[in-house]
Amino acid sequence: MIKTNFHTHTIYCDGKSTPEELVKAAMEKGFTHIGFSGHSYLEIDKDFAMDDADQRKYWDDIHALKEQYRDKLHIFCGLEQDCYSPPPKLPYDYLIGSVHHVEKDGAYPMTDGSLEQERQVLDTWYGGDFDAFARDYFEVVGKVLDMTGADIIGHIDLVMKNCEKKGYQPTENFLDYAYAAVQKLLPYGKPFEMNTGAMARGHRTTPYPHPDILRMIYEGGGSIMFNSDCHDAAKLDCGLEQCVALAKDVGFREHVIFTSKGFETVEL
Ligand SMILES: [Zn+2]
Ligand SMILES: [Zn+2]
């Protein structure tokens, strides 16, 4: 199986590594393709996003690396386009559409916070009811491709970030909300990512999405991509083998990659 990864973050946003460190790690670990996906500028939460002014520098930097390493590695310049960000100003190779917040009474509680932050969100807006939070989250997720114009669906059940720590198992209601979002997204024919970002950072031991949601995608005829949502070059391939095993277990025989010709489906 060829090793690819199209979801990576650098020092331009909340990643630890420079773009070149990621390129070198990709070559060392035997990857054939790497795509960068800095966080789009986000007015409502500037903590993890790229500065508006830095986006040009990010784009130029990745394109310079593309040229420099053109005979050694396929390099692409993408963007993780948040559903509440303005449209991108530059021509990116692809966009990953992601939901990191929900809109609640004019505020934007995070769906990507620590367990403590999540508890605060639940107490402030949902009377402690996690499934009610998940309902709002999946409602936005169902619209993420319309909101972002993205090519890839990012970490579809990010709201489950802290579920292992809490010992939470998806309830019937939770799975109904997830199912509704998956059904809304399937007709677009865009790949859903299997994402190991929370594994690399010690929040979970399993990738997104939950196997029950992965099965919904498979049974609906959806496609998948393997992305590590890398924030640290040393962990570029974190959880890749586990993702492949899970995908095969559910029934997938192919995954989607991005190439200079666009999206292509290759055997697992
Ligand atoms: Zn994300
Ligand atoms: Zn990301």
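Helices here, at least four residues long, and strands, at least two, are DSSP runs numbered from the N terminus. With that settled, Thr8 sits in the loop between strand S1, residues 3–5, and helix H1. One caution before going on: this is a predicted model.

Let's stay with Thr8. Is Thr8 buried or exposed? The cut-off for buried is 20 or more other C-beta atoms within 10 Å. Thr8 has 28 C-beta neighbours inside 10 Å, so Thr8 counts as buried. Which residues does Thr8 touch, beyond its neighbours within four places in sequence? Leu22, Ile34, Gly35, Phe36, Ser37 and Cys230. Thr8 and Asp229 are 221 residues apart in sequence, yet their C-alpha atoms are 5.0 Å apart in space.

Now helix H1. It covers residues 19–28, and Pro19, Leu22, Val23, Ala25 and Ala26 are buried there. Those five span an arc of only 165 degrees around the axis, which puts them on the same side of H1. What covers them? The list includes strand S2 (31–39), helix H2 (55–68) and strand S3 (74–82). Just after H1 comes Gly30, with a positive phi of about 80 degrees.

On to H2. First, a length check. H2 has 14 residues, and at 1.5 Å a residue they should span 20 Å. The end C-alpha atoms are 20 Å apart, so the two agree.

Next, the faces of H2. In H2, the buried residues include Gln55, Tyr58, Trp59, Ile62 and Leu65. Down the axis, the buried residues of H2 fall within an arc of 130 degrees, so they line one face. On the other side, Arg56, Lys57, Asp60 and Glu67 are exposed. The cover over the buried residues of H2 includes H1, S2 and S3.

Last, the helix pair. Two packed helices are described by the angle between their axes and the distance between the axes. For H1 and H2, the angle is about 35 degrees and the axes are 10 Å apart. The crossing of H1 past H2 is right-handed. Which residues meet? From H1, Pro19, Glu20 and Val23; from H2, Asp61, Ile62 and Leu65. By type, that contact divides into four nonpolar residues, two charged and no polar.

Terms used
Residues numbered from 1 in each chain as written. Chains lettered and ligands numbered in written order. Predicted model: local features only at pLDDT ≥ 70, side-chain atom pairs only at ≥ 80, totals over all residues. Buried ≥ 20, exposed ≤ 12 C-beta atoms within 10 Å, placed from the backbone. Arc of directions from axis to C-beta. Contact = placed C-beta atoms within 7 Å. Expected span 1.5 Å × (residues − 1). Axes fitted to C-alpha atoms, helices over the stretch in contact; angles between N-to-C directions. Left-handed = near helix turned anticlockwise from the far one by under 90°. Nonpolar A, V, L, I, M, F, W, Y, C, P; charged D, E, K, R; others polar.
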